[in-house]
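Please read it beside the sequence and the structure.

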Amino acid sequence: MDTNVQTITEQVSLIASEQTWIEGAAIQQLKKTAELDGMVRVAGMPDLHPGRGYPIGAAFYTRDKIYPALVGNDIGCGMSLWQSSLKVSKINLDKFAKKFARVEAPLDDSWCELVAERKKEKNITNHSFDLSLGTIGGGNHFTEFQAIDQVYDTDALSALGLDKKQLQLLVHSGSRGLGQSILVEHIRQFNHTGLNAGSENAQRYLQQHDEAVRWAELNREFIARRFLEAGKADGQMILDINHNLVTAKTLDNQNGYLHRKGATPSDAGYVVIPGSRGDYTYLVRPLPSDKSLYSLAHGAGRKWRRGECQGRLSHKYKKDDLYQTPLGSRVICGNKELLYDEAPQAYKKCQSVVSDMADAGLVEVIARLRPVLTFKTHGDCAG
DNA sequence: ATGTGC
């Protein structure tokens with residue numbers, strides 16, 4: 001018996017302990033998705049929650065079919081961890097928080113040369129969404145400064161070049177309007193029907209998809225660079241991992257396609273599993289395994305649906321109560337909806353999600369990071 | 001999720 005690997009049906013498995021709460025609707029979506037033509041196996045992660053038709057926090061393995069709708073609109077969305085040159089001990093939160101007034105506008109002319117150079121290096125030929133490059137976007141996207149709070153594997157931390165004294169920067173964003181435009185065009189032409197692998201249409205989608213993945217990577221890079229510049233710091237990228245994408249993958253000596261929707265690859269080196277803005281982020285070493293379709297949770301996972309959070313929180317918490325967290329961190333969020341929808345209370349405890357995976361033999365925890373400053377948006381009251 | 005809907 002595999003610990004924390006639940007068998008829902010012959011095709012569908014769920015990585016979670018019996019104690020981990022997962023919404024029934026998400027399990028139903030998982031089972032429904034397993035019925036798609038060409039679907040071989042489906043694996044839910046411990047952060048599984050309902051999405052629009054398809055669940056979030058899951059990996060889907062197909063043979064002969066590609067489903068753009070399973071990847072969704074935010075193609076290439078992921079997490080990027082940078083180490084800044086700033087010392088945690090030197091940070092004055094009041095002063096520091098004021099430095100990020102101009103990080104939401106399109107990148108100004110001073111970035112023009114570097115943008116052109118990096119786009120060329122990453123073979124990005126699409127220019128329609130240049131104004132969004134270097135911007136976080138909405139929803140659950142964020143930029144967060146963090147401090148390494150606990151170290152469980154000193155050697156691994158050093159091997160990654162991480163120094164406990166330095167302030168870290170975590171960026172969660174994706175391909176913005178570019179990924180959206182690719183999905184919208186696909187749905188217009190084919191609705192939710194899968195594409196035949198190897199067909200001209202599939203090849204065209206994959207080509208657009210791959211460019212959106214590279215665009216999303218570059219977006220996170222420029223978000224990190226502009227936040228570092230605003231904070232008067234340097235920095236270097238430690239890791240970058242995509243959790244919304246489809247890739248070719250050989251399983252059981254057969255070729256197929258692994259779709260990940262809010263599922264972090266476990267076959268691409270070290271990754272971070274971020275908690276909500278009031279919770280810890282975990283740096284882990286994935287142990288690649290077929291039982292989770294080479295995937296992991298991409299975060300703590302929603303407990304409450306978007307839109308229902310304000311109603312559940314507003315009687316108990318005033319807006320001002322949500323600008324700081326029990327871990328001592330600050331939140332910059334000028335948008336009322338996002339303030340409530342992304343509140344820590346709306347998410348599960350990240351520790352439980354990570355221990356579900358650790359007990360399943362899918363990860364080893366390297367370090368724990370605590371939030372220092374979470375940036376969402378200045379919203380209407382910018383400045 | 002969305003150079004975001006009425």
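Two strands pair if DSSP finds at least two bridges between them. The model discussed here is predicted.

**Strand pairing**

Strand E3 spans residues 39–49 and runs antiparallel to E4, with 6 bridges joining them. One of the contacts sets Gly44 against its bridge partner in E4, Ala58. E3 and E4 make a hairpin, and 6 residues lie between them. Gly53 sits in that turn and has a positive phi of about 90 degrees.

E4 also pairs with strand E12 (residues 254–261). These two run antiparallel as well, joined by 5 bridges. Here Ala58 has Lys261 in E12 as its bridge partner.

How many of the 7 residues of E4 are buried? The count is 6, so strand E4 (residues 56–62) is mostly covered, given that buried means under 20% relative accessible area.

**Cysteines**

A disulfide is a covalent bond between the sulfur atoms of two cysteines. The cut-off used is a sulfur pair within 2.5 Å. By this rule the model has 0 disulfides. Cys77 is in none, as its nearest cysteine sulfur belongs to Cys350, 16 Å away.

| Residue | Relative accessible area |
|---|---|
| Cys77 | 3%, buried |
| Cys309 | 0%, buried |

Note on methods: Residues numbered from 1 in each chain as written. Chains lettered and ligands numbered in written order. Predicted model: local features only at pLDDT ≥ 70, side-chain atom pairs only at ≥ 80, totals over all residues. Heavy atoms only, no water. Buried < 20%, exposed > 50% of the residue type's maximum accessible area, 1.4 Å probe, protein only. Helix = DSSP H or I, 4+ residues; strand = E, 2+ residues; numbered from the N terminus.
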